[in-house]
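Dear colleague,

Please find below the structure that I am handing over to you. My findings follow directly after it.

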Amino acid sequence: MRWLPPSGRRSASLAMDSELMGIEEIYREHILDLYKHPHNSGKLPAYAFRRRELNPVCGDQIELFVQLSGGKVAAASFVGHGCAISQAAASLLTDFVRGRDLASLKQVSREDIMQMLGITLGPVRMKCALLPLKALVKGVEDYEAGNQ
Amino acid sequence: MITMQQLSLRRDFPLLQQENNGKPLVYLDSASTSQKPASVIEAMNRYYLTMNANIHRGVYRLSQEATAAYEEAHRKVAAFINAGFEEVIFTKSATESLNLLAYTLTKSMLQGEEIVLTQMEHHSNLVPWQQIAKELGLVVKYIRLTPDFRLDMQHAREMINVKTKIVSVCHMSNVLGTINPIAELASLAHAQGAVLVVDGAQGLPHLPVDVQFLDCDFYAASGHKMLGPTGIGILYGKLHLLDKLPPFLYGGDMIREVTYADSTFNDLPWKFEAGTPNIAEAMGLAAAVDYLRSVGMERVQQHEAALTVYALAKLGGMPGVQVIGPATDEQRGGVISFTVEGIHTHDLAAVLDSEGIAVRGGHHCAMPLMGLLGIAGTTRISFSVYNTQEEVDALAAAIRKAQRIFGYGQ
């Protein structure tokens, strides 16, 4: 059974969005609520690292700011523009990382993001959902490489 | 006046008979790529099923048939735009056509000389010039837009000067739908001794194009946006200019004589067609040209203009919807970009998809223009011969659905 994703749950990436869920189910109230009223929006005045990521398909971009204290995330925030999915994922991810150490930041997976969002997505919209995570992963890499 | 109902060509397009998410497919993304009539698909199949052989190489019957059909495709495309046989080159895409020009036209330019583009160019008519200019120390300048999304011709007269060697503009903007005054730009360029290049990727599929009348020096177009297959592009150039240009790609079929020390090059147009070309795609393109000629480009234009007028009125009357482009159909084609307040273009496209409607959302390969307009992207619809008024109605209803989901309107 080695071909199963590590979480044991079937990857959703081979189906189209609408085959998995009706469109109203994707745009559930909590997603739309985060889109209109994002958490942790704006730049942090002080941060250990920041990282900007771009989705070249749609031009959406996100910049993540992470502030550390005693090796753990004291605060995280983001700026940028994107669709409801990427914006909701950024809100949820910046909530999620607070209080976690660098080692655990590297463990955040796509399944975690999908669980936070509570929806399943096809390959195209998956890129939207994973854009904030990509910024986080690259940001941690930069930080550890001493590029900041 | 041809009405939309009189032009019901949908049955010629096999793909349009299918459903999308259980609903009739509403395909509104022809500016990205058009659908193909059965005759185009059959022409390509016929080549592979009955005459597959390399061209310009064999003396056997199959090769002669393939060569004749390939050259006939050239002849048809040349006639379609009122050009000579030697003036039409097949490339793999409009992008390759523009790269060919960017590489070869700049070879004779001196440091500090200028290339004039417009603020509304697609990346394919911007990045090649920009990058080669960086390499060679050339200057790239951009003609501004007016507040109603047209080319500022006063600014064009200032930008095009004695230092200008190349002016390169799109025939029709793939974002705004604006149709540019090509003949006027040609005379501005020629008065300064510059050449005019036209990116016709959105022009040739939708407008009657006569290169003699436009008096452009070069015209690039794409097969797959004009009902033909992917993998084939067109480059027209005036004979005396193509004659002077150095080859772009080197290899088989583009040479006359080769020794270990040097080579001489083939006659036009083959001088610019190195290697085995996309032969089946050329046959498909010829069938697309036949199809468009059978409909008539004036009718194609009228049909799309009528749809554009209808869609502009429909979208213009919807709360929260803002059209990004000329508000009237004057000098404007069937490409309509718009934003919907409070709904990101990807979210809107996803809701439209759930209603079986295919549109493009994003920056449309025109990131500098999006930056200029101060927006991240737009939702874009674009028409071809097979679209109907009912599809515009379906679009409007689906936009209202998206607005409901996102909590705007009823």
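In this predicted model, helix α4 (residues 84–96) of chain A packs against helix α6 (residues 110–117) of chain A at an angle of about 105°, and their axes are 10 Å apart. An angle of 65 to 115 degrees counts as roughly perpendicular, and α4(A) and α6(A) are therefore roughly perpendicular to each other. On the side of α4(A), the contact involves Ile85(A), Ala88(A), Ala89(A), Leu92(A), Leu93(A) and Phe96(A); on the side of α6(A), it involves Ile113(A), Met116(A) and Leu117(A). Nine residues of this contact are nonpolar, with no polar and no charged residue.

Helix α6(A) also packs against helix α7 (residues 123–144) of chain A: their axes come within 10 Å and cross at roughly 110°. This angle makes α6(A) roughly perpendicular to α7(A). From α6(A), the contact draws on Arg110(A), Ile113(A), Met114(A) and Leu117(A), while α7(A) contributes Met126(A), Ala129(A), Leu130(A) and Leu133(A). Here the residues divide into seven nonpolar, no polar and one charged.

I turn next to the sheet of chain A. Three strands form an open sheet with antiparallel pairing, in the order β1-β2-β3 (chain A). Its edge strands, β1 (49–55) and β3 (72–81) of chain A, each pair on one side only. On average, and with direction ignored, neighbouring strands of this sheet are turned by 15° against each other. Between β1(A) and strand β2 (residues 60–69) of chain A, which run antiparallel, there are seven bridges. Leu54(A) stands opposite Gln61(A) in β2(A). Two of the helices described above also meet this sheet. Helix α4(A) packs on it, touching β2 and β3 of chain A, and its direction makes about 165° with that of β3(A). Helix α7(A) lies across β1 and β2 of chain A and runs at about 145° to β1(A).

Chain B contains an open sheet of seven strands with mixed pairing, in the order β4-β10-β9-β8-β7-β5-β6 (chain B). Strands β4 (88–91) and β6 (139–143) of chain B stand at the edges with a single partner strand each, so one side of each is left without a neighbour in the sheet. From one strand to the next, the twist averages 20°. Strand β9 (residues 218–222) of chain B runs antiparallel to strand β10 (residues 233–237) of chain B, and five bridges join them. Ser222(B) has Gly233(B) in β10(B) as its bridge partner. Helix α3 (residues 94–105) of chain B lies across β4, β7 (164–170), β8 (195–199), β9 and β10 of chain B, at about 150° to β9(B). Helix α4 (residues 127–136) of chain B packs on the sheet as well, where it touches β5 (114–118), β6, β7 and β8 of chain B; the direction of this helix makes about 145° with that of β6(B).

Finally, how many residues of chain A are in contact with chain B? The contact comprises 20 residues of chain A and 19 residues of chain B. The two chains, A and B, bury about 1,500 Å² between them, 61% of it on carbon and sulfur atoms. Of the area that chain A buries against chain B, 30% is supplied by Ile23(A), Tyr27(A) and Cys58(A), more than by any other three residues. The rule finds two salt bridges across the interface of chain A and chain B. A salt bridge also joins the side chains of Lys401(B) and Glu24(A), at 3.9 Å from N to O.

Yours sincerely

Key. Residues numbered from 1 in each chain as written. Chains lettered and ligands numbered in written order. Predicted model: local features only at pLDDT ≥ 70, side-chain atom pairs only at ≥ 80, totals over all residues. Heavy atoms only, no water. Axes fitted to C-alpha atoms, helices over the stretch in contact; angles between N-to-C directions. Helix = DSSP H or I, 4+ residues; strand = E, 2+ residues; numbered from the N terminus. Parallel < 35°, antiparallel > 145°, perpendicular 65-115°, else oblique. Contact = heavy atoms within 4.5 Å. Nonpolar A, V, L, I, M, F, W, Y, C, P; charged D, E, K, R; others polar. Pairing = 2+ DSSP bridges. Buried area = accessible area lost by both parts, 1.4 Å probe. Salt bridge = Lys/Arg side-chain N within 4 Å of Asp/Glu carboxyl O.
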